[in-house]
Amino acid sequence: MLSKKKNLLILTQASYETGFGHLKRCIFLSKKLKKYFKIYYIKKNISKKFLPKEYNILNCKNFTKNEKLKFSTLLIDLKKIDIDHVKLIKNLNIANKIIISDKIEKKLKPNISIIPYILKKNYNN
């Protein structure tokens with residue numbers, strides 16, 4: 001018997017100002033995770049034309065009113081997590097959070113923190 005896929009919500013950003021690396025990474029992860037999750041992207045400060053059409057796109061303004069959707073996991077990949085992002089993330093009330101960030105974001109209490117850029121220290125000097 002096949003089990004029902006759980007819903008994964010992705011919060012990321014992309015623009016000509018911030019770049020497209022975060023979105024590109026999320027699209028790559030979506031392709032790998034879609035056999036385990038039903039993927040949704042939340043549209044906040046990102047043009048819909050940049051988002052992959054094969055996934056569900058939710059508008060940030062209407063999202064909190066939609067009580068029918070329940071998400072098991074929130075994947076956050078943002079250049080900078082500001083106070084507006086913190087409020088949004090807390091309002092989403094999703095228990096499992098995965099954060100991809102250059103630093104550990106303790107205030108959001110993630111289950112998993114991924115720090116993609118770890119620099120090698122030169123201890124010879």
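Biologist: What makes β4 largely enclosed by the rest of the structure?

Modeller: Five of the five residues of β4 are buried, so the strand is largely enclosed. Buried means under 20% relative accessible area, exposed over 50%, and partly exposed in between, with a 1.4 Å probe and protein chains only. Strands are DSSP runs of E with at least two residues, helices are runs of H or I with at least four, and both are numbered from the N terminus. This is a predicted model, in which local features need pLDDT of at least 70 and side-chain atom pairs count only at pLDDT 80 or more, while totals for chains, interfaces and linings use all residues. Residues are numbered from 1 along each chain as its sequence is written, and side-chain values use heavy atoms, with hydrogens and water left out.

Biologist: Which residues cover each face of β4?

Modeller: T73, L75 and D77 lie on one side, L74 and I76 on the other, and all are buried.

Biologist: How do you know that β4 pairs with β1 and with β5?

Modeller: Two strands pair if DSSP finds at least two bridges between them. β1 and β4 have five bridges and run parallel, with L9 opposite L74. Five bridges also join β4 to β5, again in the parallel sense, and there I76 stands opposite I99.

Biologist: Why is the crossover from β4 to β5 called right-handed?

Modeller: The term applies if, with the strands pointing away from the viewer, the path from the first strand over the helix to the second runs clockwise. Here the chain goes from β4 through α3 to β5, and this β-α-β crossover is right-handed.

Biologist: What makes a set of residues a nonpolar core, and which members of the largest one touch the most others?

Modeller: A nonpolar core is a set of buried Ala, Val, Leu, Ile, Met, Phe, Trp, Tyr and Cys residues joined through side-chain atoms within 4.5 Å. The largest has 18 residues, of which L9, L11, I42, L74, I76, I81 and L92 touch the most other members. At least two residues come from each of β1 (6-12), β2 (37-43), β4 (73-77) and α3 (83-92). α3 gives the most, with four residues. L8, I10, L23 and L75 are among the 12 residues of a second, separate core.

Biologist: Why is the pair of F20 and F50 called edge-to-face?

Modeller: Rings of Phe, Tyr and Trp (its six-membered ring) pair if their centres lie within 6.5 Å; planes under 30 degrees apart count as stacked, over 60 as edge-to-face and the rest as tilted. The centres of F20 and F50 are 4.8 Å apart and the planes stand at 70°, so the pair is edge-to-face.

Biologist: Are F20 and F50 buried, exposed or partly exposed?

Modeller: F20 has 30% relative accessibility and counts as partly exposed. F50, at 21%, also counts as partly exposed.

Biologist: What makes Y40 and F71 an edge-to-face pair, and how buried is each ring's residue?

Modeller: Their centres are 5.2 Å apart with 90° between the planes, which is edge-to-face. Y40 is buried at 6%, and F71 counts as buried at 12%.

Biologist: Why is E105 called buried, and what is E105 in contact with?

Modeller: E105 has a relative accessible area of 5%, so it is buried. Contact means heavy atoms within 4.5 Å. Leaving aside neighbours within four places in sequence, E105 is in contact with I81, I99 and P110.
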